Amino acid sequence: MADPKTLPGASGKRYLLGRLFIWTLLLAAAVLYLGPIYVVLSTSLKDLAEIRAGALLDLPHELNFTAWREAWSSACIGVRCEGLRPYFLNSVIMSVPSVVISTLIGALSGYALSLFRFRGANIIFALMLFGCFIPFQIVILPMAQTLGFLGIANSITGLIVVHTIYGISFTTLFFRNYYVSVPQELVRAATMDGAGFFRIFWHIMLPLSVPIIVVSVIWQFTQVWNEFLFGASFTSGGAQPVTVALNNLINSTTSVKQYNVDMAAALIAAAPTLVVYIIAGRFFVRGLTAGAVKG
Amino acid sequence: MATISIEHASKSFGSTEVLKDISLDVKDGEFLVLLGSSGCGKSTLLNIIAGLEPIADGEIRLDGEVVNDVHPKNRDIAMVFQSYALYPNMTVERNIAFGLEMRRISKAERKAAVREVASMLQIEHLLARKPAQLSGGQRQRVAMGRALVRRPKIFLFDEPLSNLDAKLRGEMRTEIKKLHQTLKATMVYVTHDQIEAMTLADRIAIMKDGIIQQIGTPQEIYSKPANMYVAGFVGAPPMNFVKVDLVKQDDQLGVILPAVLKGEPKDYFLPLPASKQLEPRENTKVILGLRPEMITHNAFAAPNIPQIECDVELLEPTGADTLCLLHLSGHPAKARVSPLFACNPGESMVFSVDMERVCLFDGESEALIG
């Protein structure tokens, strides 16, 4: 595409005015979005006296990490005073397998639905898509019964199963739409070379899928890590994920509201998704649009 | 030894029949070209031989053995695809070796086989690259290498040259022909390009609407086309078709060719050679098929060759020849003359008509009658 600045008739003055308008708008939006994060971050670095004395938007006098330490390892959640750490680990133990398993299953089913088109593939795909639109609340009761029946109620294993199943609809959609733009001839060539369904998948399709794997991992990780309702419904006590623990930490404060600890805890709980997004984010947009344009 | 024999094969996709009762034999070491426009079923037929499409009815045999239910990988067939279908994540070396890898051939043997094929195709310096770093012609060579390395008994080509530019296409065409002469393997080649078909084939099978119209050597197809479709498809510019009356004059059977001279209609009687044996059809309408080179300048023609004089509307010089646009029986027709003898556009010119080589078709069935 041609650089708009070099096009004939793009006069300097009007161009600058237009730019100025866009920049102002973007700046305002950025301030609006970053404001709350600033407040949370600066409050988490103050002590209680400073919070009470100062204004909300003031910078902290010094970098004081006491509240972070407390939120991580000694804040009381219910009767246990071990901070967020055990629950954070619960979330890690829950998220990693859920993300890996649902991404792998999504890749496999997306591959089967797009490159090994069988009779009824479209109907099955449409039915799987329904899964993307089912609200969490609808499945809570039957899911609780099922988990009880399987003997994995109130356990991290139960949450892994729930999140994996719930994620398959989305991951299948991602991978299926990515693979429809892969030429069918590739599969035919590999078939002639003697590779079967799984070897084509493993040797050829998976190495091609890095962008969409990143999308699937970010999406699933964000969903599973941030999820609250299933965690609150299907677990209690020691098996709870960090989102539920965060809620309990803030709600179970009895005397003085420790704003700095609450803010630090919120940031700790949110950190992993931020980190994943920052590391893999540049692949995210690329991967999301990868299947959209053919050729 | 590798023969292919297809008997009464048919295939439908939904309600459309793509192959209708196809029977075809390919001899050992033969180069057979399946020629036809898109949608005629030629690629489907190739996929059936490869085993990539199941056959609905009929039988397919390789070396006399029925392989209807044999998996593609067990048919000992290699295939070169139109898009090359190279594995984008693998280096050229691994692309070529992949088929051997899947057949659990040892690493050392694979390496040796790849080297050999690479040197044959002159792509040794590309072995470490990925397909994205190759030009179209190089990708084409790698795709050939992938087929060659397994030393299969049958090679299938699905329009392998259609993504190359004209010059490269010509070069690769020659290489494929050389390859066939060296390997003496059975090859089936699908194309819609009649020049490719004519230059490469031992025999050509022309297909239309899922039916084989004619099978024969390129020369047979060109000089004795079975019907008007074949006659029109092969040859560039295509054969001229003129509707004419078959009559007898002075005890000689011939056709009345309506031409235009100085703006006025003028009919010429052109006697047919006795070998055409069309007496029973006297006084009926038939279709006369004249290839452009059969209507040519009169300078060196033998005295007994029939001549016509007619108006030339415009000229299309191609360098070696000049094409003259005429009007025969109210339809445009092309004559091929040497540039040395071409008249000016708008003038009239005397042409000799080679009645020994003309084709005559039935007006109804469009089949060749003489």
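Author: Before we start, domain bounds here come from an automatic or database domain assignment. Also, this is a predicted model.

Reader: Good to know, thanks! What does the domain assignment of chain A give?

Author: Domain 1 covers 4–73 and domain 2 covers 85–290 of chain A. Their C-alpha centres lie 31 Å apart.

Reader: And how many residues does the contact take from each domain of chain A?

Author: There are 14 residues from domain 1 of chain A and 11 residues from domain 2 of chain A.

Reader: Which elements supply the side of domain 1 of chain A that touches domain 2?

Author: At least two residues each come from α1 (12–44), α2 (48–53) and α3 (66–73) of chain A. The largest share belongs to α3(A), with 6 residues. By class, that side of domain 1 of chain A has 8 nonpolar, 3 polar and 3 charged residues.

Reader: Nice. Switching topic: where does UniProt place the feature "transmembrane region" in chain A?

Author: The unreviewed UniProt entry puts this feature at residues 20–41, 92–116, 123–144, 156–179, 200–221 and 263–285 of chain A.

Reader: Let's take residues 20–41 of chain A. Helix or strand?

Author: Residues 20–41 of chain A are 100% helix and 0% strand, with the end C-alpha atoms 30 Å apart. For residues 156–179 of chain A, the model again gives 100% helix and 0% strand, and there the end C-alpha atoms are 33 Å apart.

Reader: Is the crossing of α7(A) and α10(A) left-handed or right-handed?

Author: The crossing of these two helices is right-handed.

Reader: Which residues make the contact?

Author: From α7(A) they include A:His163, A:Gly167, A:Phe170 and A:Phe174, and from α10(A) they include A:Ile212, A:Val215, A:Trp219 and A:Gln223. The residues of this contact divide into 8 nonpolar, 6 polar and no charged.

Reader: Last one, about the two chains. How many residues of chain B are in contact with chain A?

Author: In chain B, 17 residues are in contact with 14 residues of chain A. On the chain B side, β6 (77–80) and α2 (92–102) are the elements that give two or more residues.

Reader: And how do the residues of that side of chain B divide?

Author: The side of chain B that touches chain A has 12 nonpolar, 3 polar and 2 charged residues.

Notes: Residues are numbered from 1 along each chain as its sequence is written. Chains are lettered from A and ligands numbered from 1 in the order in which they are written. This is a predicted model: local features need pLDDT of at least 70, side-chain atom pairs count only at pLDDT 80 or more; totals for chains, interfaces and linings use all residues. A crossing is left-handed if the near helix is turned anticlockwise from the far one by less than a right angle, and right-handed if clockwise. Helices (H or I, at least four residues) and strands (E, at least two) are DSSP runs, numbered from the N terminus. Two residues are in contact if their C-beta atoms, placed from the backbone, lie within 7 Å. Ala, Val, Leu, Ile, Met, Phe, Trp, Tyr, Cys and Pro count as nonpolar, Asp, Glu, Lys and Arg as charged, and the others, Gly among them, as polar. UniProt positions are given in the numbering used here, feature names are shortened, and annotations may be inferred rather than shown by experiment.
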